[in-house]
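Walk me through this structure, piece by piece. Take the sheets, the domains and the chain pairing in turn, and say what each term means.

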There are 2 protein chains.
Amino acid sequence: MDYTTTSPAAVRALIRAGKITSQTSGMCAGYAQANLCVLPKKYAYDFLLFTQRNPKPCPVLEVSDVGSRALRYIAKDADIAKDFPKYRIYKHGELVGEYTDVEEFWQEDFVSFLIGCSFSFEAALLEADVPVRQIEEGKNVPMYLTDIPCKPAGIFHGNTVVSMRPMPPEKVVRAVTATAAMPRVHGAPIHIGDPAAIGIRDLSRPDFGEAVTIYPGEVPVFWCCGVTPQAAVMAAKPDIAITHAPGHMFITDMKNTLLKD
Amino acid sequence: MDYTTTSPAAVRALIRAGKITSQTSGMCAGYAQANLCVLPKKYAYDFLLFTQRNPKPCPVLEVSDVGSRALRYIAKDADIAKDFPKYRIYKHGELVGEYTDVEEFWQEDFVSFLIGCSFSFEAALLEADVPVRQIEEGKNVPMYLTDIPCKPAGIFHGNTVVSMRPMPPEKVVRAVTATAAMPRVHGAPIHIGDPAAIGIRDLSRPDFGEAVTIYPGEVPVFWCCGVTPQAAVMAAKPDIAITHAPGHMFITDMKNTLLKD
């Protein structure tokens, strides 16, 4: 079943009914997808401040009202506890389980953060004729821990995690301009070229995701990654946190093109 | 005394010493200036969420740590309680006084929000040969209440306040592109043309600031204004709030050009 041209509301309904539990890459072409981080209210101010201080890795699309499983702005009639195909629950920084529905774990004091995702800017790269290697190779994007510190906020701190896409040198400028126009989904690259300059030792051994082929002469281009806030949350060891499982995103009603505002 | 080419640190020192108590328009050319809103911590989450939901009128440059009078990112060795030439204190939404120093009123639970200011993009407009009428006429920019609602957050809500700059039709596109590149200081205009379409009845009677001349054939162009969050704070009637006095800004160490990131 191909969901490329299905509407976001229809795909969310299938996910909610348990009929889609797979990764969402490529579904509902043109619509933005979102990362999730759910925290009890007592951590929400520090986390919101962390996203304000680190907008490139943490571009917030929407913050729910306290206790609410609904969204006001990026999707209609959504249920945050059911509309992701797969969730992860962490207690004190440890993964305790994966679930396709987290209704039974919902707390009245939960605040949900929906964060922009690089799927949105990859569409812009492809449209600009910039290759996206992990899509060509059917893999998960390679991600790396860098030595670039985030600005800390309260209990949250950590280094920046980046995703990497290799490309021929003559495509680099277009990759910058195409993504710079989309600050709400990580924006322009954070680094171009030498991995060692940002603390990455070996591109063939990513910290998350999978390695991709880099052809001779290609330049690695690095973007801030939505794994950054998740890593900061894990390091802070909150009583409980719920995130999406990697690649299992929320599909919003917002067109990617509107993320340029 | 002309402070156009004085460094931000030197001007802040003069302000701190009580030697400058005037408006800061035009001082330290090229450096960003900032609006202020100080609130007790109990209101800070709602206010930070209000700014996240309304980034065009409320572009946050920095949020202080709780109780701190220092800044970490936009200025070195600053004292938030002394480095604005003039402050206003509001209690339960009522103005209770203007001060050149608010040290004696400082509370351990205060959080300071430094918010981007249109002074930054006016430099970009002038560079792009777009007229800035209130500067030509030596006036305060005209500001208007619109019927465009902000997205509410907790106790904070209200309509958007805009500033207006009239210009010949052939300059409008350049005004949009020059300011769209600076989202951290209000970004692109929110409206071009007919004032009635956004609930403004009479351009000659602004709600704040002063009316400026509109020459025959000129188009009014409207930008979101930093008075919006102040109006939302006043309407929420917090126990206490401290703001800068209009035009009496904080001068940061950040070059305006860096606000394009």
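Strands β6(A) and β7(A) run antiparallel and are joined by 4 bridges. Helices (H or I, at least four residues) and strands (E, at least two) are DSSP runs, numbered from the N terminus. Two strands count as paired if DSSP finds at least two bridges between them. Within this pair, A:Met143 stands opposite A:Ser163 in β7(A). Both strands belong to an open sheet of 4 strands in chain A, ordered β6-β7-β9-β8 with antiparallel pairing. Its edge strands are β6 (143–149) and β8 (191–192) of chain A, each of which pairs on one side only. Strands of a sheet pair through backbone hydrogen bonds, either parallel or antiparallel.

This is a predicted model: local features need pLDDT of at least 70, side-chain atom pairs count only at pLDDT 80 or more, and totals for chains, interfaces and linings use all residues. Residues are numbered from 1 along each chain as its sequence is written, and chains are lettered from A and ligands numbered from 1 in the order in which they are written.

Follow β7 of chain A onward. A:Glu170 sits in the loop between β7 (159–167) and α5 (172–180) of chain A. Is A:Glu170 buried or exposed? A:Glu170 is exposed, with 8 other C-beta atoms within 10 Å. The cut-offs are these: a residue is buried if 20 or more other C-beta atoms lie within 10 Å of its own, exposed if 12 or fewer, and partly exposed in between, with C-beta atoms placed from the backbone. A:Glu170 and A:Val130 are 40 residues apart in sequence, yet 9.6 Å apart in space, C-alpha to C-alpha.

Now turn to the domains. Chain A is divided into domain 1 (8–117 + 233–260) and domain 2 (119–228), with bounds from an automatic or database domain assignment. Their centres, taken over C-alpha atoms, are separated by 22 Å. Domain 1 of chain A brings 28 residues to the contact, and domain 2 of chain A brings 24. Two residues are in contact if their C-beta atoms, placed from the backbone, lie within 7 Å. On the domain 1 side, the elements giving two or more residues are β1 (31–40), α2 (41–53), β5 (110–116) and α6 (227–236) of chain A. The largest share of that side, 6 residues, comes from α2(A). By class, the domain 1 side has 17 nonpolar, 7 polar and 4 charged residues. Here Ala, Val, Leu, Ile, Met, Phe, Trp, Tyr, Cys and Pro count as nonpolar, Asp, Glu, Lys and Arg as charged, and the others, Gly among them, as polar.

Next, strand β5 in chain B. 7 of the 7 residues of β5 (residues 110–116) of chain B are buried, so this strand is largely enclosed by the rest of the structure. Strand β1 (residues 31–40) of chain B runs antiparallel to β5(B), joined by 7 bridges. There, B:Leu36 has B:Leu114 as its bridge partner. Strand β2 (residues 60–63) of chain B also pairs with β5(B) in the antiparallel sense, over 3 bridges. B:Glu62 stands opposite B:Leu114.

B:Cys58 is in the loop between α2 (41–53) and β2 of chain B. B:Cys58 counts as buried, with 27 C-beta neighbours inside 10 Å. Beyond residues up to four places away in sequence, B:Cys58 touches B:Phe50, B:Thr51, B:Ile115, B:Thr228 and B:Pro229.

The largest nonpolar core has 154 residues. Such a core is a set of buried Ala, Val, Leu, Ile, Met, Phe, Trp, Tyr and Cys residues joined through C-beta atoms within 7 Å. Those with the most contacts inside it are A:Ala34, A:Leu48, A:Val162, B:Ala34, B:Leu48 and B:Val162. Leaving aside neighbours within four places in sequence, the contacts of B:Val162 include B:Met143, B:Ile190 and B:Phe222.

Finally, the two chains. 10 residues of chain A are in contact with 10 residues of chain B. On the chain A side, α2 and β2 (60–63) give two or more residues. The most, 5 residues, come from α2(A). This side divides into 8 nonpolar, 1 polar and 1 charged.

How are the copies related? A rotation of 180° with 0.0 Å of shift along its axis superposes chain A on chain B (RMSD 0.0 Å). The two copies are thus related as by a two-fold rotation axis. The superposition is by least squares on the C-alpha atoms of residues with pLDDT of at least 70 in both. Of the residues of chain A, A:Tyr45 comes closest to the axis, at 2.6 Å (C-alpha). The same surface serves both copies: 100% of the contact residues of chain A recur in chain B.
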